[in-house]
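Subject: The structure we talked about

Hi there,

Here is the structure I promised to pass on. Please have it open while you read my notes.

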Amino acid sequence: MRRLLTFWNLLGLAVFALGALVYWQSPGHQASSALPLPSEETLAASSLPTILYLPNPPQGLRKETRTLELAPGDTPEHKVLAAWAEALQAPKPRALYRMAQVFVVDLPADFPLGLDASQEALRLYSLAYTLLATFPQAQGVRFLVEGEPKPGLAHLDLSQPYRLP
């Protein structure tokens with residue numbers, strides 16, 4: 001006849017009893033059948049206050065405030081880029097990356113076409129200041145042309161990030 005009170009049987013019984021005790025002592029989580037309503041914060045997160053800096057020659061840059069509506073799946077950064085490009089009728093930048101506290105903007109090769117040097121500079125500063133004013137946690141904007149760092153566009157040094165004055 002086999003023995004019922006072996007070490008392994010007692011160990012299994014102790015583990016089972018401990019698991020049952022923990023299960024009974026834990027508060028029961030009842031799943032609610034009602035869906036939660038969106039909070040005020042969620043509704044407010046669907047709109048983005050944006051500060052656009054638009055070229056206004058010969059005075060420089062004109063500051064304009066807009067509120068952009070974010071659709072599901074929109075990122076705030078790309079929505080601001082699209083609004084900026086639409087307001088200036090400028091080519092939309094190819095991509096926008098965030099590296100730590102610096103935005104990296106990849107510009108298309110046709111970004112400066114049809115502009116003189118001062119208009120190119122205003123367009124670059126306009127984009128940089130728009131991003132920095134709308135996203136205050138960012139501290140600089142760096143520009144690439146066709147995915148590569150170029151020595152200059154609009155006779156400006158693109159090797160260093162642009163910052164708000």
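Below is what turned up, region by region.

First, the ground rules. This is a predicted model, so local features need pLDDT of at least 70 and side-chain atom pairs count only at pLDDT 80 or more, while totals for chains, interfaces and linings use all residues. Residues are numbered from 1 along each chain as its sequence is written, and side-chain values use heavy atoms, with hydrogens and water left out.

**The sheet**

An open sheet holds 3 strands in the order E3-E4-E5, with mixed pairing. Its edge strands are E3 (95-99) and E5 (140-145), each pairing on one side only. From one strand to the next the twist averages 25°. Strands here are DSSP runs of E with at least two residues, helices are runs of H or I with at least four, and both are numbered from the N terminus. Two strands pair if DSSP finds at least two bridges between them.

E3 and E4 (residues 102-107) run antiparallel and are joined by 5 bridges. Across this pairing, Leu96 stands opposite Val105 in E4, and Met99 stands opposite Val102 in E4. The two strands form a hairpin with 2 residues between them, and Ala100 in the turn has a positive phi of about 60°.

Helix H4 (residues 117-134) packs on the sheet, where it touches E3, E4 and E5, and its direction makes about 135° with that of E5. Contact means heavy atoms within 4.5 Å. For the angles, axes are lines fitted to C-alpha atoms, for helices over the stretch in contact, and the values run from 0 to 180 degrees between N-to-C directions.

**Salt bridges**

Side chains of opposite charge can pair when their charged atoms come close. The structure holds 6 salt bridges, each being a side-chain nitrogen of Lys or Arg within 4 Å of a carboxyl oxygen of Asp or Glu. On exposure, buried means under 20% relative accessible area, exposed means over 50%, and partly exposed lies in between (1.4 Å probe, protein chains only).

- Arg98 and Glu77 meet through their side chains at 3.0 Å, N to O. This pair links distant parts of the chain, with Arg98 in strand E3 and Glu77 in helix H3 (residues 76-88), 21 residues apart. Arg98 is partly exposed at 39% relative accessibility, whereas Glu77 counts as buried at 19%.
- Asp106 and Arg94 form a salt bridge at 3.5 Å, N to O. Asp106 lies in strand E4 and Arg94 in the loop between H3 and E3, so the pair ties together parts that are 12 residues apart in sequence. Asp106 is buried, with 5% relative accessibility, while Arg94 is partly exposed at 46%.
- Lys79 and Asp74 pair at 3.7 Å, N to O. Lys79 is partly exposed at 28% relative accessibility, and Asp74 is partly exposed too, at 34%.
- Arg62, Glu64 and Arg66 are linked in a network of salt bridges.

**Backbone points to check**

Most residues other than glycine have a negative phi, and most peptide bonds are trans. With that in mind, please look at these spots.

- A cis peptide bond joins Pro57 and Pro58, with omega about 0°. Pro58 lies in the loop between strand E1 (47-56) and strand E2 (60-69).
- Gln89 has a positive phi, near 50°. Gln89 lies in the loop between H3 and E3 and is exposed, with a relative accessible area of 69%.
- Glu146 also has a positive phi, near 55°. Glu146 lies in the loop between E5 and strand E6 (152-153) and is partly exposed, at 39% relative accessible area.

**A nonpolar patch**

Leu4, Leu5, Leu10, Leu13 and Phe16 make a nonpolar surface patch of about 610 Å². Phe16 is found in helix H1 (residues 7-25) and is exposed, with a relative accessible area of 61%. Patches are made of residues with over 30% relative accessible area and no salt bridge, with like charges joined within 9 Å and nonpolar side chains (Val, Leu, Ile, Met, Phe, Trp, Tyr) within 5 Å. The accessible areas come from the Shrake-Rupley method with a 1.4 Å probe, and for residues only the protein chains shown count as cover.
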